[in-house]
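Grab a pencil and work through these exercises with the model open beside you. Each task comes with a solution that goes step by step.

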Amino acid sequence: MFRSISKSIMAKLIIQFFVVGLIPLIGMGTLTYYLSRDAMETEVFNHIASVNSIKKVQTLEFLKDRMKNLTLLSRTQHIRNMLANKTYQEMSSIFEYYMNVFGYSDIILLGVNGQPLYSAAKNIEYELNPDIPLETKEPAKALWEKILKTETPTMTDMVTYFEKRAPALFMGAPVYSDIGDLEAVIICQINATRINALISEQTGMGETGDTYIVGADLLMRSSSRFLGEDAILKQKVDTRTAKQAFLKETGTERGIDYRGTDVLSAYSHLGLTEKIGTDFDWAIITKIDEHEAFALLNKLKMNTIWGMAALIILVGGVGFIQSRMLAKPINELSYRIIMLNDGDFTAEVPLTHPDRADEIGLLLKTFNEGSRKFRKQMKLLMDSTDLLVSAITRLSTTASQLATSASETSSSISEVTTTAEEVKQTSQLASEKAEYVAKSADATARISFAGKQATENTMIGIERIREEMNHIAETTVQLSSQSKSIEDIINTVSDIADQSNILSVNAAIEAAKAGEHGKGFAVVAQEVKILANQSKEATNQVREILVDIQKATGTAVMATERGTKTVAEAVELSEQAGDAIDRLSGRVTESSEAAMQITASNQQQLFGMDQLAQAMESINDATAQNLEGVRQLEDAIKGLEEMAQTMKAITSSYKI
Amino acid sequence: MNAKPHPDDNHVLEILNNRARRLAADASAEKSSFTAMTVVEFKIAHEIYALALSRIRGVHPLKNLTWIPGTPNFIRGVINLRGEIISVVDLKVFFELPDQELTRLSQVILLASEDMEFGILADEILGVTEIFENDIRPSLPTLTGIREDYLKGVTGDGRVVLDDEKLLADEKMCIK
């Protein structure tokens, strides 16, 4: 719970406001309080110490005065005379005066044997009235015994001498005769109320300021303002302060009084033993209740607390408003940033104060702008991722193709290597062949010379052929003209056959006209007709043969002409052949030289092919490495592809 | 099949001789039952015509044809035949055949009756032969026009037999 609160910046700010505002305030208040308290305590202590001191001196002075007066009275001649003459009544007025002036309750005279002689308060002469008991007989007797031993004036502690009588103390002094013998003891009774009146004068002590005397038995010797007078010798003051008072001469301290109340006390012991010579001592205690002593302080405290409460509210309010002003936008911002962190980039801080010009306003605006820009960039990034994915896919395909190509290249290189080896072998073969060619070229040169002579002979032969051809041509032309004559003859024969035919028809007609006598003639006419037809057929056959002959002659003429032309061409070709053979001879010589060069080149080529083979080996190695590289590339691209997929998954998980 | 019969196979020879005699006897029987007609066959424009021999005076090669103005167009002209002036008729024109192309027309067949005489132009004279009258059938429906009037009929082998009497008696031939 505290952690979650302490995490909130608003809580932190509020706490800081409180810490900064309140710690100094509380510190100052506390410091002031304690300083005031110390000052006040000192003041109060001084006050009660002075009161205590005054009361002590007053008490001491009172007792010493009473003691001196009693001593003085014991030494007077009147007392001696009175004792000697037993004239107590004469002295009663003097005793009365003493009692009134010095506040003695009674003046008692005891004889040397301790017997009571006279009591001034009731004016009783005990010798004359032995039946009347002396009420204060016991304390008086004790004092008498003491004085008898020491023969000096002394004093008893406060005692309750008779039932239901107020406590009182007794002073005694020896009375000497004229000759100096101890004749009696004079005792005066001082009631506690006298001292009480002296002590309980409370002027300037406020409402709880109080002074009282305590005896060694820790019983009160004077009453408190909170108690009645009957508290004397009854109320026990069993406090540390009271005990302390008998150990030290004087001091102040805080403590608890007989009522159980917190008080400030000043104490001192009276020093009766030293000052008066008693065998007991008293302490005097002045105290005031803390609540009264520090009443002002408490008031201050209360005022301080109220002031602080007001300040806390003020500081809290201001702190809350300020923290809210600071923390609210930051909370909004942090919420948006958490959204951003969860991949939601639509986060924009609502601007409740759009014209806020301080750093936080600027921060929010800048965040919104940034968010927008980021969104835009994210969109771009997502698009880019898509592009990247497709590019990587293409790249992957390309890499695969590359791998395939590399494999193919590798195999191609193997083939090339093989081919190179083959080429090497071929070039070796070529070298051998070239040598053979060089040898052949020489032989060819000789043959071509022979060819040239043969060509010349051929030309002569062709010339003869041309002459013969011309002769054939002439003969053929003659044949053609003769065949023309034959055709004329055939036409004549054909005409004759036609006429014979008509003649036979006419003969038949005539035979028919001759009737029965013409029958034989009709047969002759039929025979003539048959003959005519045969003649006709024969002429037709001859004509056909002649047509064939004419055709053959024409062909022969044309063949002769073509032959003549061919012979001319042959002459020309023979000449060209002669030239060609001449040139061939030259070329063969060149070929021979070229073959030699080819041989030389082939040697170089062979060497080159060796180098090529080595180079191909290196390329093969390189290609193998290349292939390996391409495989690695493929792997890498596969990795890339996975990365791109991951990236896409990441980007698609963002909301923009 | 064409193997010669054995010389000593007299039986086979006898059978064949009997068959030949039987066939010959049948033919003579047919001949006797049908009237034969001797005709001259000739060709005009690839068609073979036949004319009875009775009115034909002779056949002559066409020579020195002289055109006579003022005559019908089917008369091509006249020739001098041994001193006689004979008009020459082109049957293609006369029959108004659609095919008017010029053919050889190198022969003339001379027709004559008691009061009429003219020559007919022919491409070629094929000869004299005999036609049985029962072999002549009525003219084909295709042989229409003027020609139909001068036909006796058509033989089984496609020869057109002309009626010489009608030709000679025709008024058109007589030039007024």
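**Exercise 1.** Work out in what order the six strands of the open sheet in chain A are arranged, and which ones sit at the edges.

*Solution.* Step 1: list the strands across the sheet, and you get β3-β2-β1-β6-β5-β4 of chain A, with antiparallel pairing. Strands here are DSSP runs of E with at least two residues, helices are runs of H or I with at least four, and both are numbered from the N terminus. Two strands pair if DSSP finds at least two bridges between them.
Step 1: look for strands that pair on one side only, which gives β3 (124-125) and β4 (154-155) of chain A as the edges.
Step 2: Strand β2 (residues 116-119) of chain A pairs with β3(A) over two bridges, in the antiparallel sense. A:S119 has A:I124 in β3(A) as its bridge partner.

A word on the ground rules: this is a predicted model, where local features need pLDDT of at least 70 and side-chain atom pairs count only at pLDDT 80 or more, while totals for chains, interfaces and linings use all residues. Residues are numbered from 1 along each chain as its sequence is written, chains are lettered from A and ligands numbered from 1 in the order in which they are written, and side-chain values use heavy atoms, with hydrogens and water left out.

**Exercise 2.** Find out whether A:S268 is buried or exposed, and which side chain it joins in a polar contact.

Step 1: check accessibility. A:S268 has a relative accessible area of 3%, so it is buried (buried is under 20%, exposed over 50%, partly exposed in between, with a 1.4 Å probe and protein chains only).
Step 2: find the partner. The side chains of A:S268 and A:N52 are joined by a polar contact of 2.7 Å. That term means a pair of N or O atoms within 3.5 Å; within protein, one must be able to donate a hydrogen and the other to accept it, and residues adjacent in sequence count only if both atoms are side-chain atoms.
Step 3: leaving aside neighbours within four places in sequence, the residues in contact with A:S268 include A:K56, A:A245 and A:I284 (contact is heavy atoms within 4.5 Å).

**Exercise 3.** Determine how many salt bridges the rule finds across the interface of chain B and chain A.

*Solution.* Step 1: count contacts, and 13 residues of chain B meet ten residues of chain A.
Step 1: apply the rule, which finds zero salt bridges here. It does find four residue pairs in polar contact, both at pLDDT 80 or more.
Step 2: see which element of chain B leads. β3(B) gives the most to this side, with six residues.

Notes. A salt bridge is a side-chain nitrogen of Lys or Arg within 4 Å of a carboxyl oxygen of Asp or Glu.
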